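Everything you need can be worked out from the model shown here.

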Amino acid sequence: MSKTTLMIVGLLVLVMGILALIPSANWTADPVWYAIVKIIIGLVSLGVAAADKPAA
């Protein structure tokens with residue numbers, strides 16, 4: 001359950017960061033540094049979720 005939740009949150013944050021960097025999108029209110037931080041957090045959370053081993 002936590003792995004699935006972390007994957008979903010990671011994907012959402014990653015997409016939000018990418019959309020914030022697209023000038024034609026309506027979500028350009030975020031500064032560039034904040035969009036980059038969102039992308040990094042999304043990638044880290046996806047990496048943690050992918051590396052998470054199930055409890056034995």
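**Exercise 1.** Within what distance do the axes of helix 1 and helix 2 come, and at roughly what angle do they cross?

*Solution.* Keep in mind that this is a predicted model. Start with the elements: the chain has two helices and zero strands. Helix 1 covers residues 2-21 and helix 2 covers residues 32-51. Their axes come within 7 Å and cross at roughly 155°. Angles over 145 degrees count as roughly antiparallel, so helix 1 is roughly antiparallel to helix 2. As for handedness, the crossing is left-handed.

**Exercise 2.** Work out which kinds of residue make the contact between the two helices.

*Solution.* Helix 1 brings residues including Leu 6, Gly 10, Leu 14 and Gly 17. From helix 2 come, among them, Ala 35, Ile 39, Gly 42 and Leu 46. Now sort the whole set: 18 are nonpolar, four polar and two charged. Lys 3 of helix 1 and Lys 38 of helix 2 take part in the contact, and Lys counts as charged.

**Exercise 3.** Is Ile 40 buried, partly exposed or exposed?

*Solution.* Begin by placing Ile 40, which lies in helix 2. Its relative accessibility is 48%. Buried needs under 20% and exposed over 50%, so Ile 40 counts as partly exposed.

**Exercise 4.** What share of the chain's 56 residues is buried?

*Solution.* Buried residues make up 21% of the chain.

How values were computed:
Residues numbered from 1 in each chain as written. Predicted model: local features only at pLDDT ≥ 70, side-chain atom pairs only at ≥ 80, totals over all residues. Heavy atoms only, no water. Helix = DSSP H or I, 4+ residues; strand = E, 2+ residues; numbered from the N terminus. Buried < 20%, exposed > 50% of the residue type's maximum accessible area, 1.4 Å probe, protein only. Axes fitted to C-alpha atoms, helices over the stretch in contact; angles between N-to-C directions. Parallel < 35°, antiparallel > 145°, perpendicular 65-115°, else oblique. Left-handed = near helix turned anticlockwise from the far one by under 90°. Contact = heavy atoms within 4.5 Å.
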